[in-house]
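Let's work through some aromatic contacts together. Have the model open, try each task yourself, then compare with the solution.

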Amino acid sequence: MATAAAHRTDTDGARTTADGTAEFERAFDAAVAADERIEPRDWMPEAYRATLVRQIAQHAHSEIIGMQPEANWISRAPSLRRKAILMAKVQDEAGHGLYLYSAAETLGTSRDELLDKLHSGRQKYSSIFNYPTLTWADVGAIGWLVDGAAITNQVPLCRCSYGPYARAMVRICKEESFHQRQGYELLLALSKGTEEQHAMAQDAVDRWWWPSLMMFGPPDDESQHSAQSMEWKIKRHSNDELRQRFVDICVPQAESLGLTLPDPDLRWNEERGHHDFGAIDWTEFWDVLKGNGPCNEQRITQRRNAHAEGAWVREAAAAYAAKHTGETGAKQA
Amino acid sequence: MTATVTTTAALALGDDALVLSHRLGEWAGHAPVLEEEVALANIALDLLGQARVLLSTAGDEDELAYLREERSFRNLQLVEQPNGDFAHTIARQLYFSTYQQLLYTELAATDGPFAPLAAKAVKEVAYHRDHAELWTLRLGDGTETSRERMQRACEALWRFTGEMFQPVDGLDADWAGMEAQWLRSMTDVLGRATLTVPEGPRTGAWAAGAGRQGLHTESFGRMLAEMQHLHRSHPGASW
């Protein structure tokens, strides 16, 4: 970036004086104000670093835990084409988790440390993945609504002030849009299928609609990190703004799917140029966030078990690498 | 006659790929490390792609996958074996991908009906084999625990490996030659992994190694029940 030198940490001199820090801070603020990217070796406020680690880690954890509700249907996918699409999607999610852990590592943490925080409950993942996938149509509802909400949230992150995160989001958003279209197409096939299939699709949308709206986080007046994140240009829009945008996008899509959204208060408001919608059950939201959702226990237990049961495999790989360091090159030469 | 022979062969190869793909898909969300979530799903997808081409050669892919019963499946018993621990999955993968690479290399060189598929698949299969070999080395020559587990897995699956070299009608290959090469390859890889080549029989009493005739092991019926349940619950529906 253009002014990188101005606020790059001086690794030789370690300018830790109050004046020096103030100078770095001014350069950081100027870079953010000018919509420049902050890069890993640039100076940044500790709170900026901590916020990003928290957000990127939570995002990475969501990709990893988010594999579970969908993987739940891989073995039962009703056609080989759908099975291939679903497997590819779950594979992409693992890949997204890997990109995001790498982005977080540029901030001075490690994947192991972050996984440890996930397993011990010190870091969170998106509360949406604490809902169960009860029928095949849920796979479509997740693609359409959950991925749709994620994209609405994440597209602005492609312009986030932290370079590695912004670049990871560009790649991730491309793949997510693809998944979202596939989910929509899955629901459309069900909606236009037999009566039972249509009912299955409607039931899934009924169950996933409100949890999807909750993905945008608490209302603006209760969102503790929002103001600071917007100032730092980590976030570009408020929770309520994005939620409104999502509702406006979904209403016509639901119509063309031939499905209804489970909200009697949902209607077009000519004056605002937006859809009005009913009240979200914030008690449920906070409950799920606190660990009391339908699948919180199950999701984290499966993750912990996979990690614990894989320990001997990771130990074997490490032991093998230690024994054979330097050997591979010699053998191949 | 030719069509029937081709169909038999397509089902044998297609069922192998379909069933192993299903087993690998069961790992999703359970792998020991994130990179293996990606790798195992990748291999499962390659195999599912092969299965779809092969089953479509024999008929309608979904009818064949979802509406046949256990006794009509023609896959090797090896590929239907439950995942077990990671070592069992890797041993199954090592045995099968080495065989598949030998077979597809031969089929790709013929002018038979499977040559185009084999030519494409052989590249995927080389990757699968590489992945399995590398893990065999890491587990075999890793820790004491991993060596024991890998040895146990190799022993447990050994008795299903003879079936791979029973000639299949419609596949033009040197079965005895492939078997000799496969054994040499196993001796080499297991040796480098500090493991012992199992000594037990490679086919067994009447049920061991009869998958090609539609005789399967007990876990297979349960696997199919899960795989086929939704499709069978909605006869005639499209998805």
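The structure holds 20 aromatic pairs over all chains, where rings of Phe, Tyr and Trp (its six-membered ring) pair if their centres lie within 6.5 Å. This is a predicted model, in which local features need pLDDT of at least 70 and side-chain atom pairs count only at pLDDT 80 or more, while totals for chains, interfaces and linings use all residues. Residues are numbered from 1 along each chain as its sequence is written, chains are lettered from A and ligands numbered from 1 in the order in which they are written, and side-chain values use heavy atoms, leaving out hydrogens and water.

**Exercise 1.** Classify the pair Trp73(A) and Trp136(A).

Step 1: the ring centres are 6.5 Å apart and the planes stand at 70°, so this pair is edge-to-face (planes under 30 degrees apart count as stacked, over 60 as edge-to-face, the rest as tilted).
Step 2: Trp73(A) is in the loop between α4 (67-71) and α5 (80-105), and Trp136(A) in the loop between α6 (111-119) and α7 (137-154), 63 residues apart. Helices here are DSSP runs (H or I, at least four residues), numbered from the N terminus.
Step 3: both residues are buried (under 20% relative accessible area, 1.4 Å probe, protein chains only).

**Exercise 2.** Do likewise for Trp209(A) and Phe246(A).

Step 1: with centres 6.1 Å apart and planes at 20°, the pair is stacked.
Step 2: Trp209(A) belongs to helix α9 (residues 195-214) and Phe246(A) to helix α11 (residues 239-257), so the contact ties together parts 37 residues apart in sequence.
Step 3: Trp209(A) and Phe246(A) are buried.

How values were computed:
Helices (H or I, at least four residues) and strands (E, at least two) are DSSP runs, numbered from the N terminus. Buried means under 20% relative accessible area, exposed over 50%, partly exposed in between (1.4 Å probe, protein chains only).
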